[in-house]
Amino acid sequence: MANNLSKSDLYRIYTENIHYANHQLEVIKRQARQLAGEYYWYDSNNKKSQIRKELIIELKAMTNLYAYILGSKFELQLMKILHDSSSAAFSKSEFKQIMNGKTIYDMWTKCLDISFSKSSYIDWTDVGGLDLKALFKDKNSFLDEFQEIITMRNRLAHGQWSVQLNSNRTQKNTPTALNKYNDISKLVLLSNKLDIMVKIVETIVVYKDKDTVKFREKINKLVEENRINDARIKNISLETYVEGAVKKFNKKKINKKKATRRKAIRSVNRK
């Protein structure tokens, strides 16, 4: 009979799966960027009527697939944190409390609640001027965003690739995250944002010397990175994101036209 996997075994497995998810996201990003470049080439050359019908469907499929894998990776990142073997991480009883959560959102919440309470010597409302509890608990907080990502992933996981429904399946209802991050340019930045927010949680959980300037500086730096990323998400557009892909597709069209001309000339010369 095979031995059960240890905590460190599971940590390595979750880490490996996160790396694999990152590879998947990179492949999809390249393909979606190429498709979007093709679309905007036709659009910018006043040839929108020539866009092949499948192109927009393919682009949406790639975009939603990216969103699904991103949401799945987000769950893996929680599991990796929970299986960390740092002495500052969770005890067996704390781990059990978290895993008893009914939903992934409950587990994220319990993970933070336990981390805050077990370091009661820290004033979590003033970590280098930051109120970390408010950052996670207030309206429009990190945890609200966590729930949005979880909902997005769950809808897509249930096969609602094109049209999404509410939880009761009585009405059409596009998840907030799919509305906010509705193209590959925003989803790529969302991926960066989630990595930063996960790193903040991970630091809160596993960092040993929390009552130090180094800890406060690290948290503040991550929160500032997140703020900058948020600003980029608001300002980016798919059209500007794929400018390089448009140029590449334009070059492909020019080369194809040249090749057609050369072929025509050779055909005439043979005659």
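## Ala 134 and its setting

Ala 134 counts as partly exposed because its relative accessibility is 21%, where buried means under 20% relative accessible area, exposed over 50% and partly exposed in between (1.4 Å probe, protein chains only). Ala 134 belongs to helix H5 (residues 132-137); helices (H or I, at least four residues) are DSSP runs, numbered from the N terminus. Its C-alpha is 9.0 Å from that of Trp 124, 10 residues away in sequence.

## Basis of the model

The model is predicted: local features need pLDDT of at least 70, side-chain atom pairs count only at pLDDT 80 or more, and totals for chains, interfaces and linings use all residues. Residues are numbered from 1 along each chain as its sequence is written, and side-chain values use heavy atoms, with hydrogens and water left out.

## Salt bridges

The structure holds 16 salt bridges, each a side-chain nitrogen of Lys or Arg within 4 Å of a carboxyl oxygen of Asp or Glu. One of them joins Lys 73 and Asp 195 at 3.0 Å, N to O. This pair links distant parts of the chain, with Lys 73 in helix H2 (residues 53-82) and Asp 195 in helix H8 (residues 184-206), 122 residues apart. Lys 73 is buried at 2% relative accessibility, whereas Asp 195 is partly exposed at 31%.

Glu 145 and Lys 180 also meet in a salt bridge (3.7 Å, N to O). Glu 145 lies in helix H6 and Lys 180 in helix H7, so the pair ties together parts that are 35 residues apart in sequence. Both residues belong to a salt-bridge network that also includes Glu 148, Lys 193 and Asp 230.

Definitions and conventions: Helix = DSSP H or I, 4+ residues; strand = E, 2+ residues; numbered from the N terminus.
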